[in-house]
Amino acid sequence: MKGVYFLISTLAILASATFLVSASDPSPLQDFCVALNDTKSAEAVFVNGKFCKDPKLANANDFFFSGLQNPRNTQNPLGSNVTAVNVDNLLGLNTLGISLARIDFAPNGLNPPHTHPRATEILVVLEGTLYVGFVTSNGDGNRLFTKVLNKGDVFVFPIGLIHFQLNVGHVNAVAFAGLSSQNPGVITIAKAVFGSQPPINSDVLAKAFQVDDKVVDNLQKQFWYDNN
């Protein structure tokens with residue numbers, strides 16, 4: 001009998017722990033909740049950061065986005081272009097916990113080290129060859145996991161971890177990424193650290209990176225391009 005009580009207690013603890021550490025967009029409480037930009041509407045109800053349209057007024061266009069088949073312009077310092085499809089431009093995604101991005105790469109194009117604070121990313125290569133990777137957290141020793149991906153290959157970047165993609169082929173590359181949030185967010189490391197507004201005190205960065213203040217000053221004067 002004690003064994004049964006122990007088993008039940010253990011299962012209860014595990015269930016509670018699973019509930020407490022759950023971290024993802026809330027599950028929908030109805031079939032859908034189309035975002036509504038008119039926050040003054042009498043029909044609006046505040047849910048998960050967006051106001052919802054009356055479900056009876058929803059239509060197919062609320063769940064539709066067109067244009068991802070077209071190549072993007074990659075003539076920029078990074079040689080890449082990210083086209084995001086999230087709740088800001090596909091309102092029907094509101095509360096559904098998912099979004100999408102098309103990533104175009106010129107030869108040697110880079111999607112620089114960045115994080116998505118609210119989403120895991122799964123990447124599939126449609127054309128070209130990409131060198132991809134992510135770095136684990138400090139507690140795990142900042143281990144680097146990398147892989148060279150070819151057409152049809154898939155790679156996962158765990159939520160919140162710094163990751164990147166580099167086109168190592170001699171032709172353009174295209175990838176699609178699925179993300180586990182309607183609004184995953186993106187923090188480009190170099191731009192956030194050296195291009196913040198207002199700038200981070202150079203003494204802080206010089207000590208953090210163990211370099212001379214002049215190096216930091218030079219980096220902060222650069223134009224940090226954002227491909228998102």
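1. Let's start with Glu-121 and His-116: their side chains are joined by a polar contact of 3.0 Å. Polar contact here stands for a pair of N or O atoms within 3.5 Å, where within protein one must be able to donate a hydrogen and the other to accept it, and residues adjacent in sequence count only if both atoms are side-chain atoms. His-116 has a polar contact with His-114 too, side chain to side chain, at 3.5 Å.

2. Before going on, a word on the model: it is predicted, so local features need pLDDT of at least 70 and side-chain atom pairs count only at pLDDT 80 or more, while totals for chains, interfaces and linings use all residues. Residues are numbered from 1 along each chain as its sequence is written, and side-chain values use heavy atoms, with hydrogens and water left out.

3. Glu-121 sits in strand E7 (residues 121-127); strands (E, at least two residues) and helices (H or I, at least four) are DSSP runs numbered from the N terminus. Glu-121 counts as buried because its relative accessibility is 2%, the scale being buried under 20% relative accessible area, exposed over 50% and partly exposed in between (1.4 Å probe, protein chains only). Not counting residues up to four places away in sequence, Glu-121 touches, among others, Ile-103, His-114, His-116, Phe-155, His-163 and Gln-165; contact means heavy atoms within 4.5 Å.

4. His-114 belongs to strand E6. Its 3% relative accessibility is why His-114 counts as buried. Leaving aside neighbours within four places in sequence, the contacts of His-114 include Glu-121, His-163, Gln-165 and Thr-188.

5. What does the record say here? The UniProt annotation "binding site", from an unreviewed entry, covers His-114, His-116, Glu-121 and His-163. UniProt positions are given in the numbering used here, feature names are shortened, and annotations may be inferred rather than shown by experiment. The four are spread over 50 residues of sequence but cluster in space, with a largest C-alpha distance of 11.7 Å. Of these residues, His-114, His-116 and Glu-121 are included in the lining of the largest pocket.

6. On to that pocket: its volume is about 240 Å³. A pocket is an open set of points on a 1 Å grid over the protein atoms alone, where a 1.4 Å probe fits, with protein on both sides within 12 Å along at least five of seven lines; lining residues have an atom within 4 Å of a point. Of the 20 lining residues, Val-82, Ala-84, His-116, Pro-184 and Asn-228 are the closest to the centre. The lining divides into 10 nonpolar, eight polar and two charged residues.

7. Which strand gives the most to this lining? It's E5, with four residues. Strands E4 (80-85), E5 (99-105), E6 (110-115) and E12 (173-179) each supply at least two.

8. Asn-111 is worth a look as well; this residue lies in strand E6 and counts as buried at 4% relative accessibility. The side chains of Asn-111 and Gln-165 make a polar contact of 2.7 Å. Leaving aside neighbours within four places in sequence, Asn-111 is also in contact with residues including Ser-80, Val-82, Ile-103 and Asn-227.

9. Last, the whole chain. Its secondary structure comes to four helices and 13 strands, and 34% of the 228 residues count as buried. Among contacts between residues at least 6 apart in sequence, 71% join residues at least 24 apart.

Technical notes. Points joined across faces, edges and corners; volume = space filled by probe spheres on them. Nonpolar A, V, L, I, M, F, W, Y, C, P; charged D, E, K, R; others polar.
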